Amino acid sequence: MTSLYRSPKTFGAALALSLGLTLGGCGGIANNASLESIHQPVVERVNYTLDVSASPSGLSYPEQSRVAGWFEAMDLKYGDRISIDDPLQSEATRVAIAQLAGRYGLIVSEDAPTTGSVAAGNARIIVTRSKASVPGCPDWSAKNDFNPNNATSSNYGCATNSNLAAMVANPEHLLKGETTNSDTLVMSSNKAIGAYRSQAPTGTGGLKQNSTKGE
């Protein structure tokens, strides 16, 4: 006959093991009961600076050549932000740098981030580059099917937001919309639309008739 009696010590160990397995199975439960992903894109900014010799009359040709070489080495692209910290606030310096930046389709921003003091006789060029990413993705921390909170998956939103962060041309647009001269953009688009609408339809002249006589 098999005995069902267990000593208190054996019963306590079995109870502890059972509780441990139960709590272990509850680990990694998703708690997000909304349809808003907890994994959102994060935009990081990095400032690159170059100090150039400047005067009230602007930049010398050697300094302009140095700036052009730096811009080329930086591989400037859409989304980069260029600003100037010039203690003299020389318009000639600003124009010279703006012309070099214009080769890459970029304009010089009116305000500059704080990057420390600028030595006398110098101007500081700042290139701000942004990068978007979604930290913590992919996230498969909630691996079991026990979902008492009716929550979304721990990985919910990772694919969509990661793709968005990777594809956006200007990561700053994830924080705020475009703030360039919108009036110019509207005028340009209206001009193209007006030209399209004013064009006569291709079928208004009817079919062209060709004579077959003399053939």
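## Glu63 and its salt bridge

Glu63 counts as buried, at 12% relative accessibility; here buried means under 20% relative accessible area, exposed over 50%, and partly exposed in between, with a 1.4 Å probe and protein chains only. The side chain of Glu63 meets that of Arg66 in a salt bridge of 3.1 Å, N to O, a term that requires a side-chain nitrogen of Lys or Arg within 4 Å of a carboxyl oxygen of Asp or Glu. Arg66 is partly exposed, at 36% relative accessibility. An α-helix has 3.6 residues a turn, so residues three or four places apart point the same way.

This is a predicted model, in which local features need pLDDT of at least 70 and side-chain atom pairs count only at pLDDT 80 or more, while totals for chains, interfaces and linings use all residues. Residues are numbered from 1 along each chain as its sequence is written, and side-chain values use heavy atoms, with hydrogens and water left out.

## Helix α2

Helix α2 covers residues 61–74; helices (H or I, at least four residues) and strands (E, at least two) are DSSP runs, numbered from the N terminus. Its 14 residues reach 20 Å from the first C-alpha to the last, close to the 20 Å expected at 1.5 Å a residue, where the expected span is 1.5 Å times one less than the number of residues. The buried residues of α2 are Glu63, Val67, Ala68, Trp70, Phe71 and Met74. Seen down the axis of α2, these buried residues fall within an arc of 160 degrees, so they line one face of the helix; the arc is that of the directions from the helix axis to the C-beta atoms.

On the other side of α2, the exposed residues are Tyr61, Pro62, Ser65, Glu72 and Ala73. The cover over the buried residues of α2 includes β1 (42–53), β2 (81–85), α3 (91–102) and β3 (122–133), with contact defined as heavy atoms within 4.5 Å.

## Positive phi values

Asp75 follows α2 and is found in the loop between α2 and β2. Although Asp75 is not a glycine, its phi is positive, at about 55 degrees. Asp75 is exposed, with a relative accessible area of 54%.

Gln89, in the loop between β2 and α3, also is a residue other than glycine with a positive phi, near 50 degrees. At 71% relative accessibility, Gln89 is exposed.

The whole structure holds six salt bridges. One of them pairs Glu172 with Arg45, the closest N and O atoms being 2.7 Å apart. Glu172 lies in the loop between α4 and α5 (182–198) and Arg45 in strand β1, so the pair ties together parts that are 127 residues apart in sequence. Glu172 is buried, at 14% relative accessible area, whereas Arg45 is exposed, at 51%.

Arg124 and Asp51 also meet in a salt bridge (2.7 Å, N to O). Arg124 belongs to strand β3 and Asp51 to strand β1, so this pair ties together parts that are 73 residues apart in sequence. Arg124 is buried at 9% relative accessibility, while Asp51 is partly exposed at 30%.

## Disulfide and cis peptide bond

The structure holds one disulfide, defined as a pair of cysteine sulfur atoms within 2.5 Å. This disulfide joins Cys137 to Cys158, with an S to S distance of 2.0 Å. The pair links distant parts of the chain, 21 residues apart: Cys137 in the loop between β3 and α4 (158–167), and Cys158 in helix α4. The link is left-handed, with -80 degrees about the S-S bond. Cys158 is buried, at 3% relative accessible area.

Cys137 is also joined to Pro138 by a cis peptide bond, with omega about -5 degrees. Pro138 lies in the loop between β3 and α4.
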